[in-house]
Amino acid sequence: MKAFLLMGQSNMAGRGNIEDVETIRDENIKVFRMGSFISDREPFGYDRRGAGIGLCGSFGLKFVEEYNEPVGFIPCAVGGTSLYDWRVGGDLFEYTYTISKLAQKQCEIVGILWHQGEADCEEYYYPYYEEKFLKIMEAFRRDL
């Protein structure tokens with residue numbers, strides 16, 4: 001099965017009001033929970049109580065439709081985090097790396113869905129965003 005890491009902050013973890021849209025549930029959309037991929041329904045993220053609709057449900061439906069195969073998601077996004085929190089060697093990087101290595105026993109990780117930036121929009125952070133972001137992505141590409 002092909003799978004995607006879900007990384008970034010709250011919008012990737014899922015904060016949309018679950019009552020505002022039709023719930024996405026498809027047996028071909030799998031979520032990595034407790035060491036294995038299971039069929040699930042939104043919210044797919046679970047960084048904190050009250051998680052809601054995120055980006056991956058509609059992405060998953062389109063993937064299944066387009067490629068006619070199941071898709072897996074590995075939720076690692078955490079609301080309110082900055083690039084510093086995701087830095088190579090930091091806690092979120094190490095957690096995501098560990099979970100990814102475990103998931104790779106059951107899937108092929110083919111991409112990262114990243115939604116983050118609000119925590120780094122201040123004048124003294126955003127000029128360095130691209131450089132820091134690319135270091136994180138390069139490390140995941142190299143190590144996974």
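Predicted model: local features only at pLDDT ≥ 70, side-chain atom pairs only at ≥ 80, totals over all residues.

Where does Thr 23 lie? Thr 23 sits in the loop between helix H1, residues 10–13, and strand E2. Leave out residues up to four places away in sequence, and Thr 23 touches Arg 41 and Glu 42. Thr 23 and Arg 41 are 18 residues apart in the sequence. In space, their C-alpha atoms are 7.1 Å apart.

Follow the chain on into E2. Strand E2 covers residues 25–33, and strand E3 covers residues 36–41. In which sense do E2 and E3 pair? They pair in the antiparallel sense, over 5 bridges. Arg 33 stands opposite Ser 36 in E3. The two strands form a hairpin, with 2 residues between them.

Met 34 is in the loop between E2 and E3. Its phi is positive, about 55°, although Met 34 is not a glycine. Is Met 34 buried or exposed? Met 34 is exposed, because its relative accessible area is 87%.

Now Asn 68. Asn 68 also has a positive phi, near 55°, in a residue other than glycine. Its place is the loop between helix H2, residues 56–67, and strand E4. At 71% relative accessibility, Asn 68 counts as exposed.

Next, the loop between E4 and H3. Strand E4 is residues 71–75, and Thr 81 is found in the loop between E4 and H3. Why does Thr 81 count as buried? Its relative accessibility is 6%, so Thr 81 counts as buried. What does its side chain reach? The side chain of Thr 81 reaches the backbone oxygen of Gly 8 at 3.3 Å. The Thr 81 side chain also makes a polar contact with the side chain of Trp 86, at 3.0 Å. Beyond its sequence neighbours up to four places away, Thr 81 touches several residues, including Gln 9, Leu 92, Gln 116 and Ala 119.

Ser 82 is in the loop between E4 and H3 as well. Ser 82 is buried, because its relative accessible area is 14%. Set aside neighbours within four places in sequence, and Ser 82 is in contact with Gln 116, Ala 119 and Asp 120.

On to the helices. Take H4 to begin. H4 has 13 residues, so at 1.5 Å a residue it should span 18 Å. Its end C-alpha atoms are 18 Å apart, which agrees. Which residues of H4 are buried? They are Leu 92, Phe 93, Thr 96, Ile 99, Ser 100 and Ala 103. These residues cover an arc of only 140° around the axis, so they are on the same side of H4. Here is the general idea. An α-helix has 3.6 residues a turn, so residues three or four places apart point the same way.

Now try H5, residues 129–143. H5 has 15 residues and reaches 21 Å from its first C-alpha to its last, close to the 21 Å expected. In H5, Tyr 129, Ile 136, Met 137, Ala 139 and Phe 140 are buried. Why are they on the same side of H5? Because they cover an arc of only 155° around the axis. On the other side of H5, Glu 130, Arg 141 and Arg 142 are exposed. What covers the buried residues of H5? The cover includes strand E1 (2–8), helix H3 (83–86), helix H4 (91–103) and strand E5 (108–115).

Last topic: the cores. In soluble globular proteins, nonpolar side chains tend to be buried together. How many residues does the largest nonpolar core have here? It has 21 residues, and those with the most contacts inside it are Met 7 and Ile 74. E1, H3, H4, E5 and H5 each supply at least two residues of this core. The largest share, 5 residues, comes from H5. Apart from this core lies another, of 15 residues, among them Ile 24, Ile 29, Phe 63 and Val 71.

One more look at Met 7. Leaving out residues up to four places away in sequence, Met 7 touches, among others, Trp 86, Thr 96, Ile 112, Met 137 and Phe 140. That's my tour. Over to you.

Terms used:
Residues numbered from 1 in each chain as written. Heavy atoms only, no water. Helix = DSSP H or I, 4+ residues; strand = E, 2+ residues; numbered from the N terminus. Expected span 1.5 Å × (residues − 1). Buried < 20%, exposed > 50% of the residue type's maximum accessible area, 1.4 Å probe, protein only. Arc of directions from axis to C-beta. Contact = heavy atoms within 4.5 Å. Polar contact = N/O pair within 3.5 Å; in protein donor to acceptor, adjacent residues only side chain to side chain. Pairing = 2+ DSSP bridges. Core = buried A, V, L, I, M, F, W, Y, C linked by side-chain atoms within 4.5 Å.
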